[in-house]
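This report goes through charged and aromatic side chains, one group at a time. The structure comes next.

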Amino acid sequence: MSLLLRPQPSTRLSPVAAAASVPLIPVASVAPPRKRTPTPKPNISVSPPTATNAVPLKKVLVPIGYGTEEMETVILIHVLRRAGAHVTVASVEPQLQVEAAGGTKLVADTSISDCFGQIFDLVALPGGMPGSARLRDCDMLRKITCKQAEQKRLYGAICAAPAITLLPWGLLKRKKTTCHPAFFDRLPTFWAVKTNIQVSGELTTSRGPGTTYLFALSLAEQLFGESVALEVAELLLMRTADDDYAAKEEFNEVEWSVSHHAPSVLIPIAHGSEEIEAVTVIDILRRAKANVIVASVEKTLEVLASQGTKIVADILISDAQELAHDLIILPGGTAGAQRLSKSKILKKLLKEQNSAGRAYGAVCSSLAILHRQGLLKDKRATAHPPVLDKAKDEAINGAKVVIDGKLITGEGLATVTDFALAIVSKLFGNGRARSVAEGLVFEYPRN
């Protein structure tokens, strides 16, 4: 398959490595970091790499700090692990738990000090503020990344990180570079380029959350080759403008009226939930100023997502039943959906949500939960293709997002950005959705 990517003369990669540029706005501010409380290891296995079986082990370092952009982080981790890389997430903070730019709490695999002296095939820096400054101020990370560049091994940065982190380290010299437009004027004028992906020797840079899939696939291609990158892109449901797929279809259109300025959105998560779906919805809705509550259906707040990312919920699902929510959204992931479906409290909340005429939805594999509870009756929906095949009466093929009255469903994986922006449009209007999309460096769908 082909991707929505346009070859550019300034790069040396196949079409997986380049795309057109769009405008954006600055990233959001964050709250202070919190301490991590130890959590028992969950009884669930992490999905193995899916794109390749017979490739050399590639080691990748993804550092995170207070204020790191969460979408960029989890997409990088997910794509590179699917490609077959051994990804180490390292905290530059004193603790492993890190509060990201939009308030999502992630737990690193290890401390950055434990990575010193190791050899990595790639060091990939997510952006976000003040996360990029926290990475910049970590002397251990500076030494690791500078050594990476000196030894001609791959390194990359996205969003604010090229200008805020790599530039002060002297790692952009004689390198064509791109970054988030809010920081673009900090780049050396002669070497700054307005592209979504820029590859210059061992350095790869990109613009923001909405270009992270392209950024991660470019890095995967450099590590494993074009065929692996294309296979991962297909697994992620990435499509081109030539594909006959609508961004959104809506039936029985109604307004999603809410009783207060900041709609309350409940997002339940479980061991095995799909991290790029959960985190993307959380991040985008918080950017739009919704009150997002992340609830664990497990016995602990910390959950282990499908590709090994550790996410800390805000509350347990038992605490969520005391509140009324304007919207409940179920992220996918096969194992996660199975565990969500076992929560009696979540079943009760979904039933009450439907009875009260409030909005609810699901993405990817979690459509099966709504189907089993009879919440798709006389409704049109979409989901990950294998799941959609089992809900033939409700199935709508050829759309990334389907809205039917107060129900919203999405295919999932790389299409979840469209899904989250469709929610923003229903809750706040098309203008707010377009503004958020610009901040993500994501081309807002016309239909």
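K348 has a relative accessible area of 39% and is therefore partly exposed. This value belongs to a predicted model. K348 pairs with E352 in a salt bridge, at 3.0 Å from N to O. Both residues belong to helix α10 and are four residues apart, about one turn of the helix. E352 is partly exposed too, because its relative accessibility is 34%.

The salt bridges number 15. Side chains of opposite charge can pair when their charged atoms come close. The table gives three of these bridges.

| Salt bridge | Closest N and O atoms |
|---|---|
| R136 and D137 | 2.9 Å |
| R339 and E298 | 2.7 Å |

E298 is buried at 13% relative accessible area, while R339 is partly exposed at 29%. In the other pair, R136 is partly exposed at 30% and D137 is exposed at 55%.

Helix α10 (residues 344-355) also holds K344, which is exposed at 72% relative accessibility. K344 gathers with K347, R372 and K390 in a patch of positive charge on the surface.

How many aromatic pairs are there? The count is one. It consists of F190 and W191, whose ring centres are 5.2 Å apart with planes at 90 degrees, so the pair is edge-to-face. F190 is exposed at 71% relative accessibility, whereas W191 is partly exposed at 23%.

Methods
Residues are numbered from 1 along each chain as its sequence is written. This is a predicted model: local features need pLDDT of at least 70, side-chain atom pairs count only at pLDDT 80 or more; totals for chains, interfaces and linings use all residues. Side-chain values use heavy atoms; hydrogens and water are left out. Patches are made of residues with over 30% relative accessible area and no salt bridge: like charges are joined within 9 Å, nonpolar side chains (Val, Leu, Ile, Met, Phe, Trp, Tyr) within 5 Å. Accessible areas come from the Shrake-Rupley method with a 1.4 Å probe; for residues, only the protein chains shown count as cover. A salt bridge is a side-chain nitrogen of Lys or Arg within 4 Å of a carboxyl oxygen of Asp or Glu. Lys and Arg count as positive and Asp and Glu as negative; His and the chain ends are not counted. The place of a charge is taken as NZ of Lys, CZ of Arg, CG of Asp or CD of Glu. Helices (H or I, at least four residues) and strands (E, at least two) are DSSP runs, numbered from the N terminus. Buried means under 20% relative accessible area, exposed over 50%, partly exposed in between (1.4 Å probe, protein chains only). Rings of Phe, Tyr and Trp (its six-membered ring) pair if their centres lie within 6.5 Å; planes under 30 degrees apart count as stacked, over 60 as edge-to-face and the rest as tilted.
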